[in-house]
Amino acid sequence: MAMGGIDLLGLQFKALLKKNLILSLRNKRSTFIQLFSSLFFIFLLFGIDRATNAQNGNTTTYEDIRDPKPLVAPAVPACENKYFVRLPCYDFVWSGNESRTVDRIVRAIRENNPGRPIPDSKVKSFRTTGDVDEWLFNNPMHVPGALHFRELNGSVISYGLQTNSTGMRRRGQYEDPTLKFQIPLQLAAEREIARSLIGDPNFGWTVEFKEFAHPAEDDFSVLATVGPIFFLAIAMFSFVFEIGSLVSEKELKLRQAMTMMGLLDSAYWLSWLTWEGFMTLISSLFIVLFGMMFQFDFFLNNSFAVLFFVFFLFQLNMVGFAFMLSSFISKSSAATTIDLSHLLQIVTSAGFPYSHTFSRTLQNIWSLFPPNLLAEALNLLSEATNTPQDIGVSWSRRTECAPNDDECIITINDIYIWLVATFFVWFVLAIYFDNIIPNASGVRRPVFYFLMPGYWTGKGGKEEEGGICSCIYSAPPVEHNTPDDEDVLQEENLVKTQAREGIVDQNVAVQIRGLAKTYHGTRSCSCCCKWKKTAPYHAVKGLWVNLAKDQLFCLLGPNGAGKTTAINCLTGITPVTSGDTLIYGNSVRSSVGMSNIRKIIGVCPQFDILWNALSGQEHIELFANVKGLPTSIIDSVVEKSLAEVRLTEAAKVRAGSYSGGMRRRLSVAVALLGDPKMVILDEPTTGMDPISRRHVWDIIERAKRGRVIVLTTHSMEEADVLSDRIGIMVKGRLNCLGTSIRLKSRFGTGFIANVSFTGSNNGLNPPDGDAADTTYQQESVKQFFRNHLDVEPKEENRNYMTFVIPHDREKLLTNFFKELEEREQEFGIADIQLGLTTLEEVFLNIARQAELESAAAEGRLVTLTITSGASVQIPVGARFVGIPGTESAENPRGIMVEVYWEQDDSGTLCISGHSAEIPLPNNAQPMVSPPNTWNCFSRRAPVRGVVIDPNDSVTPTS
Ligand SMILES: Nc1ncnc2c1ncn2[C@@H]1O[C@H](COP(=O)(O)OP(=O)(O)OP(=O)(O)O)[C@@H](O)[C@H]1O
């Protein structure tokens, strides 16, 4: 039913594009910022442009001056007209006030100032120039200029002039101190000195000042100066969002889930490229249109096409750059990408060496960094529109030197070529790094994978693990231990024989042949150049199992047993270390086999792999397309799938607002899509309420037909209800295998009898009154069990009693229950239920046994501290322990305790308590224990407790 090749690529491409469109529409804020941030930044540029123009208000620098206006005999201005003056102010100050001639000259300057006699209060006199300097120092900004006179003799008067020469701008006005203060003061001083010396108060001359006729200087271009940073900022929004989307799909293992379901890498990259290309196109159009809207000459006078391609190709280039960088980022937190974008901006603002002072090589290196090309393009285009008369760059002139570009190192067309070429470089590198940098499961391709013929023919290109900068050192091979359990051994032998002799059993869907997985130890150089080494870990140590068609195989085991690892090996998420698995004849070790397997499996991973912004319906549609279901049936498949998991009503609700149970149900529906021949369900009912759980059990039960299902769960009830066969794994090994009944009968403690009471006396004579009736009957029943089966109740209350009857008493049961039934009335029994022990008990027994065996094999010891304060070291799991050094006259053999053990979350046995201390009985014998070993770092060997053989008649009182 599913398709392949180009058709599949097209289908997946369309589905992923639709997903990106929906995600963008749902993520309104980021889409809005991506498209319209240009409006904000161009508005800012507009503001800066206006402010700069206003600052240059009365300067003629940026105007063509053909007929300059003369400044005729300017008067000394009032000090209040100066910019940044402090009041009270003086029009000028002067020194030399000991000379009467000078005093007269200054008075004349004041009185003869053209158009404005200066009042006496607006000048200040001093004796020497030093006095003036001291006053100026202590009273800054209170006067625009100072005159210094010295009468040398009757016919010679020298004078000096002092002004604050700093040019000032205020509210768009420019103040030139030379023209405004110095020259008028100089003219007035010279005029009055001349009049005084000649003795003619009307003597005078006319002086005119004119600036040069000059063409307008290059206007300050906001776009060329701050434009690159601003346009880079616009592109940075898209850049950050692009990296964020790619990385979060990787981080949330969404991409891995799609790959597991058969997603082609080509469809993935093509869909992202097309979507981001489209967003970039719209955003670039908006930049040019907004620029035109704000009437920038830059946007009006350069060709629309030239401008559009500059922004479009630059942003597209940044998309490729973002794709490449996304491989190096493992967390989608905005901080990383924002830091990155800051770095880009700092580099961009550092300078652009497109000038003859820099070598061609340096320019080429510089051009590899896309923001530099943008900066240069903006520079060329703004120079080409410097004045209203400049014609800008037209489309046909893009290959020529831009107008006003004197150096002509690079043309707009060269910039296009650089942007397109580097875009392809980034994109190819993005795909390369995506392959060689470890994915979310730590799997990657070899660094030179593209040189391997197998990669191109689809027959090899094997994956490996570990970072590219860390070296993997070979792990010791897994030792093969012959299984202790007869059923596991029998299965192993069967699979081995079938594999060796090439026997194909038509009933077998999956054949697991010695599957082993070792997570390699790595050595990597951390900061401070210290080698960090992690030890290899054998997570799965050789599984040999046949999984039959139409059956559900349940893999149980404590946390960390290796269930998920085994499943990941089957789905190809993790490469196997040794052994193999054939799924419907396809090997998980070959690329071709794996790509065939992906077409026939459905997976519900341990964690929900869903997009919060997509609805249930959209998820099913997406995965149906990824699996290549024909378009014509997708609607009916979606409807059926949602109905099956009871999500029809919530079909259009986003998965982000689903409850935990609903999310799991959606994941189960995704796993069952497209009628897969093998379904893997890793803890599918976690977090579900009992009603939903039973409903999902029904779905799984129905789904068994025509396929093989592998299920892992921590619910023993679930395993009991659904499984056809159960395997319990502990520490990477299969410890038992069989149907639920077989496991219970082999590993359970026996049978469980529940006896419930009516609560009335039916014949026995109680010693006293009604209240004691029930107690009396219960005691009688206890006695009956004790006498016939030698068992005590495990649980009891007024209404019922529970007895656990060991297997070895099975033969006595028929007669026992017959007699019990006959005496039901006499004992006041309402009902008797007999059943096998639970699967949970089997599980606990197996886990405990495995832990005891591994502790014994490793010779693991723990410290027991008894109530009296003594501490001894005892082997893990030891039950009766004698305490050395407690021998006394009263207890000649010393004392002992019974140690109680419990398993923690990871199955490790730890001491939960101990019984009261009791004298060690005479007949108790110590078990043979390994000799005390000295620890070379400790002064004394720790005291070892004496483990007592439980087969001796030790009856501790608890
Ligand atoms: N990528 C890895 N690198 C190193 N060790 C790993 C890696 N993945 C898993 N392990 C280790 O392998 C062991 C088996 O893990 P796995 O997830 O298969 O257990 P599990 O049986 O599925 O447990 P659970 O019931 O908690 O899901 C664990 O001790 C785990 O720490």
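1. The secondary structure of this chain comes to 29 helices and 34 strands, where helices (H or I, at least four residues) and strands (E, at least two) are DSSP runs numbered from the N terminus. The model is a predicted one, in which local features need pLDDT of at least 70 and side-chain atom pairs count only at pLDDT 80 or more, while totals for chains, interfaces and linings use all residues. Residues are numbered from 1 along each chain as its sequence is written.

2. On the scale of the chain, buried residues make up 37% of the 958 residues; a residue is buried if 20 or more other C-beta atoms lie within 10 Å of its own, exposed if 12 or fewer, and partly exposed in between, with C-beta atoms placed from the backbone. Of the contacts between residues at least 6 apart in sequence, 71% join residues at least 24 apart, a contact being two residues whose C-beta atoms, placed from the backbone, lie within 7 Å.

3. The chain is divided into domain 1 (13–43 + 220–422), domain 2 (71–209), domain 3 (443–468), domain 4 (486–742), domain 5 (749–836) and domain 6 (859–948), with bounds that come from an automatic or database domain assignment. The centres of domain 4 and domain 6, taken over C-alpha atoms, are separated by 44 Å.

4. Strand β12 (residues 508–519) and β15 are joined over 10 bridges in the antiparallel sense, and here Ala 516 stands opposite Lys 541 in β15.

5. Which element gives the most to the shell around the ligand? Helix α18 does, with three residues, and β15 and α18 each supply at least two. The ligand is surrounded by 13 residues, of which the closest are Tyr 519, Asn 559, Lys 563, Thr 564 and Thr 565; a residue is near a molecule if its C-beta atom, placed from the backbone, lies within 6 Å of it. By class, this shell has four nonpolar, eight polar and one charged residues, where Ala, Val, Leu, Ile, Met, Phe, Trp, Tyr, Cys and Pro count as nonpolar, Asp, Glu, Lys and Arg as charged, and the others, Gly among them, as polar.

6. A further open sheet, of six strands, has the order β19-β20-β21-β16-β22-β23 with mixed pairing. Since β19 (601–604) and β23 (733–738) stand at the edges with a single partner strand each, one side of each is left without a neighbour in the sheet. Neighbouring strands are turned by 15 degrees against each other on average, direction ignored. Strands β16 (residues 552–556) and β21 (residues 708–712) run parallel and are joined by four bridges, with Leu 555 opposite Thr 712 in β21. Helix α25 (residues 740–747) packs on the sheet, touching β22 (725–730) and β23, and its direction makes about 110 degrees with that of β23.

7. Leu 666 is found in helix α22 (residues 660–671). Is Leu 666 buried or exposed? Leu 666 is buried, because 27 other C-beta atoms lie within 10 Å. Not counting residues up to four places away in sequence, Leu 666 touches Leu 610, Gly 616, His 619, Val 645, Leu 647, Ala 655 and Tyr 658.

8. Some backbone values deserve a careful look. Most residues other than glycine have a negative phi, and most peptide bonds are trans. Arg 646, in the loop between α21 (631–644) and α22, has a positive phi near 55 degrees, and Arg 646 is partly exposed, with 16 other C-beta atoms within 10 Å. Asp 790 has a positive phi of about 60 degrees and counts as exposed, with 11 C-beta neighbours inside 10 Å. A cis peptide bond, with omega about -5 degrees, joins Leu 87 and Pro 88, and Pro 88 lies in the loop between β1 (71–72) and β2 (92–95).

Note on methods:
Pairing = 2+ DSSP bridges. Axes fitted to C-alpha atoms, helices over the stretch in contact; angles between N-to-C directions.
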